[in-house]
Amino acid sequence: MSTVALNLAQVHQLAERCLAANGCDAANAAALADTIGAAERDGCHAHGLFRVPGYVASLRSGKVDGKAAPRVEQLAPGVVRVDAGGGYAPLALQHGRQPLIDCARTQGIAALAMVNMHHFSALWIEVEAVARAGLAALACTAYMPAVAPAGASQPFFGTNPMAFGWPRGERAPLVFDQASAAMARGEVMIAAREGHSLPPGVGLDAQGAATTDPQAIIDGGVLLPFGGYKGASIALLVELLAAGLIGQAFSFEAKENDNGDGGPPRGGEFILAMDPSRFGDANWLAHAEGFFARLGGIAGVRLPGDRRYANRERNAAANIEVPRSLHDRIVELTGD
Ligand code: NDP
Ligand code: PYC
């Protein structure tokens, strides 16, 4: 595959210019480009520049307001809400993060309800930032139907990711971030683009037969939940927290409301933050570090997040190889 080598500043600039040229104001373009740049830096290409054409489609169709100004309100002592005003998640997160952190420190535990927003990125970004502030964090968001409930072969749940972060003092937080599908749809799309086959168990084709062909899943097929009915229950939990609890669209409703432009649907996100120093164990940090030492000491085991952190370290000084077709498409969308 032909590629264009870009450093991280050039990745950020490419995204920011394209989004600004298509209707984002400076604050929204910068927040989105930060998120896209972070994904490329950490090797999460399915949620980096790959998403720019989708962002642009949703700006051009008028579905998303690229000039939205998020509003923060306190709904209850432990509940903060950010109304994204029909904009993208990254700027809304910037507005809601510190009030969530402050509230969790005061209350011991607090939730952030993000509403009227469009989420098209990875969730580790939100939990890592909260965990770096010394709090444990859990985040989830629903998508549009792409995953079959256990026993079915038609899509109903979104790919519905859930991410968790745990603070580790001076060390980088422990973070996992996983779709409740066997694989995120973005990863399936990248596999299709690159002509790779998938491991067994990821999805079914349009006839309901098991397939390892990513294109067959995209063309009328369906993803499966990870771990069968257990992953399906996690997908269900995400629907209830990110939609039912906070008054936002379930995945099936998000699709009914969506204009099909290929960009992110309107929906919500739920983030829970907990201050471990308020739960009665002054030794919590050392206790958990002992646990990580034991776990990491088992042959063959690595901690979730370690691959991303290793990519981050490597890419600080290296170039990102962006597929030429994607790079040229973004340049074209910028109007250059
Ligand atoms: P993966 O299956 O690639 O990874 C899931 C998690 O497992 C990561 O935290 C990963 O850590 C960890 N992990 C992988 N291998 C191991 C291992 N051998 N030992 C320990 N931990 C391991 O991710 P998904 O395909 O499920 O999701 C990809 C992304 O898609 C996520 O960032 C998610 O937020 C995003 N997404 C976004 C949606 C949205 O609506 N906005 C919808 C669905 C997904 P590491 O990163 O270090 O490899
Ligand atoms: O990869 O499944 C996915 C996804 C959906 C929305 C953003 N990413």
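Start by selecting the lining of the second largest pocket: its residues divide into 15 nonpolar, seven polar and five charged. Here Ala, Val, Leu, Ile, Met, Phe, Trp, Tyr, Cys and Pro count as nonpolar, Asp, Glu, Lys and Arg as charged, and the others, Gly among them, as polar. A pocket is found on a 1 Å grid over the protein atoms alone, as an open set of points where a 1.4 Å probe fits, with protein on both sides within 12 Å along at least five of seven lines; lining residues have an atom within 4 Å of a point.

Before you go on, note that this is a predicted model, where local features need pLDDT of at least 70, side-chain atom pairs count only at pLDDT 80 or more, and totals for chains, interfaces and linings use all residues. Residues are numbered from 1 along each chain as its sequence is written, chains are lettered from A and ligands numbered from 1 in the order in which they are written, and side-chain values use heavy atoms, with hydrogens and water left out.

**Still in the second largest pocket**

This pocket holds about 590 Å³ of space, a volume being the space filled by probe spheres set on grid points joined across faces, edges and corners. Of its 27 lining residues, show Tyr143, Met144, Arg185, Met189 and Ile218, the closest to its centre. Then colour α3 (52-60), α6, α7 (214-218), β10 (222-223) and α12 (324-334), the elements that each give two or more residues to this lining. Helices (H or I, at least four residues) and strands (E, at least two) are DSSP runs, numbered from the N terminus.

**On to the largest pocket**

Next comes a space of about 1,100 Å³. Among the 49 residues lining the largest pocket, Ala46, His47, Asp177, Ala184 and Glu187 are the closest to its centre. Select α6 (185-194), which gives the most to this lining, with eight residues. The lining divides into 26 nonpolar, 12 polar and 11 charged residues.

**Now pick ligand 1**

Which pocket does ligand 1 take up? Its space is the largest pocket, in the sense that more than half of its atoms lie within 2 Å of the grid points. Around ligand 1 are 21 residues, the closest being Ser121, Asp177, Ala179, Gly305 and Arg307, where near means a heavy atom within 4 Å. Both β7 (171-178) and α11 (306-315) supply at least two residues of this shell.

Finally, zoom in on the polar contacts (pairs of N or O atoms within 3.5 Å):

- A polar side-chain atom of Arg307 is 2.6 Å from an oxygen atom of ligand 1.
- A backbone N or O atom of Ser121 is 2.9 Å from a nitrogen atom of ligand 1.
- A polar backbone atom of Arg308 is 3.4 Å from an oxygen atom of ligand 1.

Terms used: A polar contact is a pair of N or O atoms within 3.5 Å; within protein, one must be able to donate a hydrogen and the other to accept it, and residues adjacent in sequence count only if both atoms are side-chain atoms.
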